[in-house]
Amino acid sequence: MVTEIKDRLQAQQWKDEEVKITPIAPPPEPKPSTKADIRPLVAPRPDIVITPADPTSTVRDIEVAPIKPAEIGPLTTIEARSIPVPNFAVRAASPKGAPGSWVSDRDYPSAAIREEREGLTRFRLAIGTDGRVAGCEITGSSGSPDLDAATCAKVTARARFVPALGSDGMPTTGSYNGSVRWVLP
């Protein structure tokens, strides 16, 4: 069944009334002064007062010896080869997914749920050249060994990384610091 709804408002024609707009006159322009400003221009008084130097004091020239440059000879090819090349990460290891997805409520140890234990576990991961977690170290304990152990176990199993790049452009080992806040589900 279809119900047709009609508009009850009727259109009306309004009488054409002329609206009169009165323009606002612009402000009068200032008239130039016929008298010339004869006052002399004077600089403002400074706040600093300069007084003559104390006649009893004397000024002496100080002799400064020039600084001699260090005498270093040119590097020979043997010396140049012995300089170690720094090995540092040009790009740090970065997570491939959301770090928040590494641990979920289902991972909460049942003993910790029964005993209503919560806490924050801080960790450092060693990342291999393949982007997998090579090691996990607890840097800040939650106060519960089972929560700390669950953190390392789950993060090691689930975390994947884009490996760090060394100064030679090749994948190198890296590290990642993070934390898991254990809150009762």
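Which residues does R181 touch, not counting residues up to four places away in sequence? R181 touches G119 and L120, where contact means heavy atoms within 4.5 Å. This is a predicted model, in which local features need pLDDT of at least 70, side-chain atom pairs count only at pLDDT 80 or more, and totals for chains, interfaces and linings use all residues. Residues are numbered from 1 along each chain as its sequence is written, and side-chain values use heavy atoms, with hydrogens and water left out.

**Overall make-up**

- The protein chain holds 3 helices and 8 strands. Helices (H or I, at least four residues) and strands (E, at least two) are DSSP runs, numbered from the N terminus.
- Read from the N terminus, the order of elements is α-β-β-α-β-β-α-β-β-β-β.
- Of the 185 residues in the protein chain, 19% are buried. Buried means under 20% relative accessible area, exposed over 50%, and partly exposed in between (1.4 Å probe, protein chains only).
- Among contacts with a separation of 6 or more, 70% join residues 24 or more positions apart.

**The three-stranded sheet**

- An open sheet of 3 strands runs in the order β4-β3-β8, with antiparallel pairing. Two strands pair if DSSP finds at least two bridges between them.
- β4 (133-140) and β8 (174-182) stand at the edges. Each has a single partner strand, so one side of each is left without a neighbour in the sheet.
- The twist averages 25° from one strand to the next. Axes are lines fitted to C-alpha atoms, for helices over the stretch in contact, and angles run from 0 to 180 degrees between N-to-C directions.
- Strand β3 (residues 119-127) pairs with β8 over 9 bridges, in the antiparallel sense. T121 has V180 of β8 as its bridge partner, and L125 has Y176 of β8.
- The pairing of β3 with β4 is also antiparallel and covers 6 bridges. In β4, G140 is the bridge partner of R122, and G135 is that of A126.
- The hairpin of β3 and β4 has 5 residues between the strands. There, G131 takes a positive phi near 90°.

**The two faces of β3**

- In a regular strand the side chains alternate between the two faces of the sheet.
- Along β3, G119, T121, F123, L125 and I127 point to one face and are buried.

**Helix α3**

- Helix α3 (residues 145-158) has 14 residues. From its first C-alpha to its last it reaches 20 Å, close to the 20 Å expected at 1.5 Å a residue. The expected span is 1.5 Å times one less than the number of residues.
- Buried positions in α3 are L147, D148, A150, T151, C152 and V155.
- These buried residues pack against α2 (110-114), β3, β4 and β8.

**The largest pocket**

- The largest pocket has a volume of about 200 Å³. On a 1 Å grid over the protein atoms alone, a pocket is an open set of points where a 1.4 Å probe fits, with protein on both sides within 12 Å along at least five of seven lines. Grid points are joined across faces, edges and corners, and a volume is the space filled by probe spheres set on the points.
- The largest pocket is lined by 16 residues, where lining residues have an atom within 4 Å of a point. G100, V103, S179, V180 and R181 lie nearest its centre.
- β8 gives the largest share of the lining, 6 residues.
- G100 sits in the loop between β2 (94-95) and α2. G100 is exposed, with a relative accessible area of 65%.
- G100 and S179 are 79 residues apart along the chain, with their C-alpha atoms separated by 9.6 Å.

- R181 lies in strand β8. R181 is exposed, with a relative accessible area of 60%.
- The C-alpha atoms of R181 and G119 are separated by 5.9 Å, and the two residues are 62 apart along the chain.
- E116 is placed in the loop between α2 and β3. Its phi is near 55°, a positive value in a residue other than glycine.
- E116 is exposed, with a relative accessible area of 62%.
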